[in-house]
Amino acid sequence: MTVRNILKMGEPLLWEIAQRVPQEDILSLATQSLIQDLLDTMRAANGAGLAAPQIGISQQIVVFGFEKNQRYPDELPIPQTILINPVITPMEDIKESSWEGCLSVPGLRGKVPRYRKIRYHGLNQNGESIDRIVEGFHARVVQHECDHLIGKLYPMRIEDLTQFGFTEVLFPELNPSDVDE
Ligand code: NI
């Protein structure tokens with residue numbers, strides 16, 4: 001159980017394309033302990049999700065999910081998921097804009113257009129297939145986390161930069177100790 005340091009925007013590794021994880025490596029001690037570190041680090045930071053590059057490992061692994069999230073108190077729960085080598089397919093052309101934050105961009109929020117409904121598939125921590133069709137915040141979180149695997153952070157997706165600012169200004173009702181990682 002290790003809470004790892006989260007890289008912040010500006011670190012070159014966050015712009016890299018992450019490597020696929022060979023299926024035979026998923027059950028290895030190295031991969032399993034990386035997954036545990038991702039979960040521990042995400043929980044310690046109250047994150048909705050976390051991608052391996054954010055803790056300095058350029059591999060295609062993301063974790064996400066929560067019952068109740070202090071950073072996003074109005075959102076519905078998302079099942080805790082470990083997703084390896086993910087592929088996303090939009091289910092319709094419609095994009096919706098909504099607020100996002102990122103543990104690698106602390107203290108800020110921006111309004112980001114994302115596909116409203118997607119299918120995602122990949123492998124779980126046991127090397128078994130995950131294949132889901134989701135919408136809304138669940139779809140948004142998956143698109144955000146998978147962007148980390150192709151070297152994209154959410155500010156690069158913002159279309160209207162007037163919709164980008166400090167969390168304490170945009171959302172004064174949120175408790176700073178919950179969101180100011
Ligand atoms: Ni992020």
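Is D147 buried or exposed? At 6% relative accessibility, D147 counts as buried. The model discussed here is predicted. The points below start with the metal site and end with the strand pairings.

1. **Metal site.** Three residues coordinate the nickel ion: C102 through SG, H144 through NE2 and H148 through NE2. The distances run from 2.1 to 2.3 Å. Along the sequence, the spacing of these donor residues reads C-x41-H-x3-H. C102 sits in the loop between β4 (95-100) and β5 (108-115), and H148 sits in the loop between α2 (136-147) and β8 (164-166), so the pair ties together parts that are 46 residues apart in sequence.

2. C102 has a relative accessible area of 3%, so C102 is buried. H148 is buried too, with a value of 2%. The cut-off behind that word is a relative accessible area under 20%.

3. **Cysteines.** The structure has 0 disulfides. C146 is accordingly in no disulfide, and its nearest cysteine sulfur, that of C102, is 13 Å away. For a disulfide, the two sulfur atoms would have to lie within 2.5 Å. C146 has a relative accessibility of 10%, so C146 counts as buried.

4. **The sheet beside the site.** β4, β5 and β8 form an open sheet of 3 strands, in the order β4-β5-β8, with antiparallel pairing. β4 and β8 are the edge strands, and each pairs on one side only. On average, neighbouring strands of this sheet are turned by 25° against each other, direction ignored. The antiparallel strands β5 and β8 are joined by 3 bridges. R109 has G165 in β8 as its bridge partner.

5. Helix α2 lies across β4 and β5. Its direction is about 105° to that of β5.

6. **Salt bridges around R116.** The structure has 8 salt bridges. In one of them, the side chains of E92 and R116 meet at 2.7 Å, N to O. This pair links distant parts of the chain, 24 residues apart: E92 is in the loop between β3 (78-90) and β4, and R116 is in the loop between β5 and β6 (117-123). E92 is partly exposed, with a relative accessible area of 22%. R116 counts as partly exposed at 22% relative accessibility.

7. R116 lies in the loop between β5 and β6 and E135 in strand β7 (residues 129-135), so the pair ties together parts that are 19 residues apart in sequence. E135 has a relative accessibility of 42% and counts as partly exposed.

8. D147 returns here. The side chains of R157 and D147 meet in a salt bridge at 2.8 Å, N to O. R157 is in the loop between α2 and β8 and D147 is in helix α2, so the pair ties together parts that are 10 residues apart in sequence. R157 counts as partly exposed at 30% relative accessibility, whereas D147 is buried at 6%. Salt bridges that share partners join E100, R114, R140, D147 and R157 into one network.

9. **Pairings of β3.** Strand β2 (residues 61-66) and β3 run antiparallel and are joined by 5 bridges. V63 stands opposite I82 in β3. β3 is also joined to β6 by 5 bridges, and these two strands run antiparallel. Here I84 stands opposite L123 in β6.

Technical notes. Residues are numbered from 1 along each chain as its sequence is written. This is a predicted model: local features need pLDDT of at least 70, side-chain atom pairs count only at pLDDT 80 or more; totals for chains, interfaces and linings use all residues. Side-chain values use heavy atoms; hydrogens and water are left out. Donors are N, O and S atoms within 2.8 Å of the metal (3.2 Å for Na, K and Ca); water is not among the atoms, so sites may look incomplete. Helices (H or I, at least four residues) and strands (E, at least two) are DSSP runs, numbered from the N terminus. Buried means under 20% relative accessible area, exposed over 50%, partly exposed in between (1.4 Å probe, protein chains only). Two strands pair if DSSP finds at least two bridges between them. Axes are lines fitted to C-alpha atoms, for helices over the stretch in contact, and angles run from 0 to 180 degrees between N-to-C directions. Contact means heavy atoms within 4.5 Å. A salt bridge is a side-chain nitrogen of Lys or Arg within 4 Å of a carboxyl oxygen of Asp or Glu.
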